[in-house]
Amino acid sequence: MCGLKNLWNSFKIAFAMFSKIPMPQADWSEENMRYMLCFFPFVGVAVGAVTLAAEWICRYIGMSNGFIAVALVLVSVIVTGGIHVDGLLDTSDALSSWRDREKRLEILKDSHAGAFAVITACVYFLTMYGGMSQIVEQDNRKMLYILATGYMVSRCLSGIGVITLPKANASGTVAEFSRKAQDTRVRNILIIYLVLLTGFMFWIQPVWGTAVIVTALLVFWFYRHKALKYFGGTTGDLSGYFLCLCEVWIVLVLAIITVVYKI
């Protein structure tokens, strides 16, 4: 059994690991880390809440739509410290190398940014900005609520990937988290979160919510395929790669919806 104190410590560890939000110190023991991934989506709650607050504040003080779009793109990076973007860039370097599996895993560990990482960063942020600009121009509250919920959905799926996919690096961070986690129970909790979030988005707007969850699941399938084919499993960097891809595609799908529905 896991006591309330252990759950609180798991919560603190999740935020200390995956965000820049100040947290009281916690002992990173196996007992305290068992349910850490259960609280990973709560970081998404923080990102979503700050996103909604930033959008409201910017509109209240009269900022332009372009400024608001930039602010919303940067919220996730500021709240998380860019940990997931780092994984996206490292993975893009590894995938673009077209080397064997062992060399790709070595590239993931390399702290230097290659040319493909720089290109990926430019494409990622420009795409996010373009999609956010389209969403912001509509000033539709339902769409913003679904966008905010998407930050939780991406983290639920990322956590499920950590638990269920093979580990490409037995000594890596993801393997360490998985060893200390209660795999079946944590996976089931994350699936329950995902079902509840799906229902919530469907309640906000059925078509938009369905489009977002289907998109997230397709991106997860793509990530799973890439991880198994080119790395033999997942790593912390690959989990960040998935999370960024998932979120940028959610933004793009919502932007496309604004055109189709002409809201």
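This is a predicted model: local features need pLDDT of at least 70, side-chain atom pairs count only at pLDDT 80 or more; totals for chains, interfaces and linings use all residues.
User: How much of the protein is buried?

Analyst: Burial is read from relative accessible area, with under 20% as the cut-off. Here 51% of the 263 residues count as buried. The accessible surface comes to about 12,400 Å². Carbon and sulfur atoms hold 65% of that surface.

User: What share of the contacts comes from residues 24 or more positions apart?

Analyst: Take the contacts with a separation of 6 or more. Residues 24 or more positions apart account for 76% of them.

User: Which residues have the most contacts inside the largest nonpolar core?

Analyst: A core is a set of buried nonpolar residues joined through side-chain atoms. The largest one has 82 residues. M132, V153, Y223, F231 and L254 have the most contacts inside this core. Helix α12, residues 236-261, gives the most to the core, with 13 residues. Now look at L254. Leaving out residues up to four places away in sequence, L254 touches I135, M143, I146, L147 and V212.

User: How many aromatic pairs are there?

Analyst: Ring pairs are judged by the distance between centres and the angle between planes. The count comes to 13 aromatic pairs. One of them joins F42 and Y193, with centres 6.0 Å apart and 70° between the planes. Planes over 60 degrees apart count as edge-to-face, and this pair is edge-to-face. The pair links distant parts of the chain: F42 sits in helix α3 and Y193 in helix α10, 151 residues apart.

User: Which residues form one aromatic cluster?

Analyst: W8, F11, F15, F39, F42 and Y193 form one.

User: Which residues make the nonpolar surface patch?

Analyst: W56, I57, Y60, I61, M63 and F67 make a patch of about 680 Å². Helix α3, residues 40-60, supplies the largest share, 3 residues. Y60 is exposed, with a relative accessible area of 64%. F67 is found in helix α4, residues 65-80. F67 counts as partly exposed because its relative accessibility is 42%.

Terms used
Residues are numbered from 1 along each chain as its sequence is written. Side-chain values use heavy atoms; hydrogens and water are left out. Buried means under 20% relative accessible area, exposed over 50%, partly exposed in between (1.4 Å probe, protein chains only). Contact means heavy atoms within 4.5 Å. Accessible areas come from the Shrake-Rupley method with a 1.4 Å probe; for residues, only the protein chains shown count as cover. Patches are made of residues with over 30% relative accessible area and no salt bridge: like charges are joined within 9 Å, nonpolar side chains (Val, Leu, Ile, Met, Phe, Trp, Tyr) within 5 Å. A salt bridge is a side-chain nitrogen of Lys or Arg within 4 Å of a carboxyl oxygen of Asp or Glu. Helices (H or I, at least four residues) and strands (E, at least two) are DSSP runs, numbered from the N terminus. A nonpolar core is a set of buried Ala, Val, Leu, Ile, Met, Phe, Trp, Tyr and Cys residues joined through side-chain atoms within 4.5 Å. Rings of Phe, Tyr and Trp (its six-membered ring) pair if their centres lie within 6.5 Å; planes under 30 degrees apart count as stacked, over 60 as edge-to-face and the rest as tilted.
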